[in-house]
Each structure stands twice: as structure tokens, then as C-alpha cells.
Amino acid sequence: MNWFRWWNKSRKPDTTVPSADPIGQQTSVANSTGTQAAVAKREALLALSRKLSGGSEQVAGEVAQALDQPDAYVEQWGERLLNRCIEEPTPDLAWIALVDALGEHGLVWEIDWKQEIETTLFAVHSLLDCRGWLLPAADRRLEQAIQTEHDTFQQLIELHDWLRPHGLVLGHLDINSDSYVLIVVREDDFTEIGLLAKASGYTLCSFCSGL
């Protein structure tokens, strides 16, 4: 036996187990993470829906339908969506569903970015009445809070400042539009609501830079 044949026989077989596909593992982890994020976003939006609607399962149900059955939602609420030029499911359909459902209950009020004072005042009065938050008679004269020469945005800031001493926040739900979806919430709830909106992927803005 020559040296070469002896060396070949003395070599141990390679018993190393092939490693798993690293790309496949990364894809699986990414898919799992994406699913968890989607579930967390969904749960946050439904929690927000209940919080803003005072626990209304009807509002939460419409949002859930937009999330889980977008085609059915568009078909059922097509007439309402036409006002927003929506004819098929969009990425923000559930957020729009929340805004529209709250609007049906009088819990939000949508005004133009350049609105007449009378309409703005009527909107805020209506939001307070719908929530049952009746301020003292002396403080129900919201007209005193507004400077007529100011634009709508500044007037909304002034109204927010007027309501703040009563523990109320005037804000709006951002729908990426040139309109304001006005809402009034208790200041004690504002942080929680803001966090739920953020976790949902959306924004609740206050008309005060300090909040």
C-alpha cells in the first residue's frame, strides 16, 4: 500500500450536518414579525374605536369589517364613501371607517380648512352636546374665545384654549386632507388616545403644540 492509498483510507468521513437555509430562516422571522405587528396595529385601532365612541360595538364593528372584509365594507358603505371619492379598498380604509362611523354618531365633526365662524362654533357646540359635557352657562359662550379676523386654524387654537380649563381637549383626526375632523376628548384621556392612535399607525392631533 503506497502512501497515497493509506492516506485516503485513514481520512474520517465528513459527518457535519448541513446548516439550515439562513435566507429561509430570515424570511420566516420577518413574516412572523410582520404578522405580529399587523395584529398589534389591528387591536390598537379597535381599542381606539371603542375609546372614542364610548364603547360602541357598532363603531368597532364597522372598523373591524373594513380591516377584515374591505371589499364587503366598500360595497355596504359605498354611498358614504363616494363623498371621499373612494370606490375600492384603500390602505387607510379602516381609519376612514372609524372617522365616518364616529361622524354618524355625532362624535366627530368635519369642517373645511377655511370655514365660516358660525359653522366652526356650531361644530364644537354639537360635539360638546353629543358627549353630554355641558359647561357652565358663562363658559358656553364660545364666541368670546374667537377673534373674527383670525383664520380657521387659529380660531380652533383659541377654542382649544377656551376649553382646556374645563379639562377638555379640542383635537382632530388626521385623514391627510384639507379638512379638520374635529373631536373633543377629556384631557385625562388624551395621552392614552394619542398612544392608541400612534400604535394604529395614525395621528390624533391637538390644537395645542404643548400636547
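Student: In which loop does cysteine 85 lie?
Tutor: Cysteine 85 lies in the loop between α5 and α6. Helices (H or I, at least four residues) and strands (E, at least two) are DSSP runs, numbered from the N terminus. Residues are numbered from 1 along each chain as its sequence is written, and side-chain values use heavy atoms, with hydrogens and water left out. This is a predicted model, in which local features need pLDDT of at least 70 and side-chain atom pairs count only at pLDDT 80 or more, whereas totals for chains, interfaces and linings use all residues.

Student: How many helices and strands are there in the protein, and what pattern do they follow along the sequence?
Tutor: The protein has 9 helices and 4 strands. Read along the sequence, the pattern is α-α-α-α-α-α-β-α-α-β-β-α-β.

Student: Which residues have the most contacts inside the largest nonpolar core?
Tutor: In soluble globular proteins, nonpolar side chains tend to be buried together. A nonpolar core is a set of buried Ala, Val, Leu, Ile, Met, Phe, Trp, Tyr and Cys residues joined through side-chain atoms within 4.5 Å. Here the largest such core has 36 residues, and those with the most contacts inside it are Leu48, Leu52, Trp95, Leu98, Leu102 and Leu173. Two or more residues of this core come from each of α2 (22-52), α3 (57-68), α4 (70-76), α6 (93-104), β2 (168-173), β3 (179-186) and α9 (187-200). Helix α6 gives the most, with 9 residues.

Student: Where do leucine 93 and alanine 94 lie, and are they buried or exposed?
Tutor: Leucine 93 lies in helix α6, and alanine 94 has its place in helix α6. Leucine 93 counts as buried because its relative accessibility is 2%; alanine 94 is buried at 5%. Each can be set beside a residue elsewhere in the chain. Leucine 93 and glutamine 65 are 28 residues apart in sequence, with their C-alpha atoms 9.9 Å apart. Alanine 94 and proline 70 are 24 residues apart along the chain, and their C-alpha atoms are separated by 8.3 Å.

Student: How many salt bridges does the count give?
Tutor: Side chains of opposite charge can pair when their charged atoms come close. A salt bridge is a side-chain nitrogen of Lys or Arg within 4 Å of a carboxyl oxygen of Asp or Glu. The count comes to 11 salt bridges. One of them joins arginine 50 to glutamate 57, with the closest N and O atoms 3.1 Å apart. Arginine 50 is partly exposed, at 34% relative accessibility.

Student: Which residues form salt bridges with arginine 84?
Tutor: Aspartate 100 pairs with arginine 84, the closest N and O atoms being 2.9 Å apart. Aspartate 100 lies in helix α6 and arginine 84 in the loop between α5 (78-82) and α6, so this pair ties together parts that are 16 residues apart in sequence. Aspartate 100 is buried at 9%, while arginine 84 is partly exposed at 24%. Arginine 84 also forms a salt bridge with glutamate 110, with the closest N and O atoms 2.8 Å apart. Glutamate 110 lies in strand β1, so this second pair ties together parts that are 26 residues apart in sequence. Glutamate 110 is partly exposed, at 35% relative accessibility. Salt bridges that share partners join Glu62, Arg80, Arg84, Asp100, Glu104 and Glu110 into one network.

Notes:
Buried < 20%, exposed > 50% of the residue type's maximum accessible area, 1.4 Å probe, protein only.
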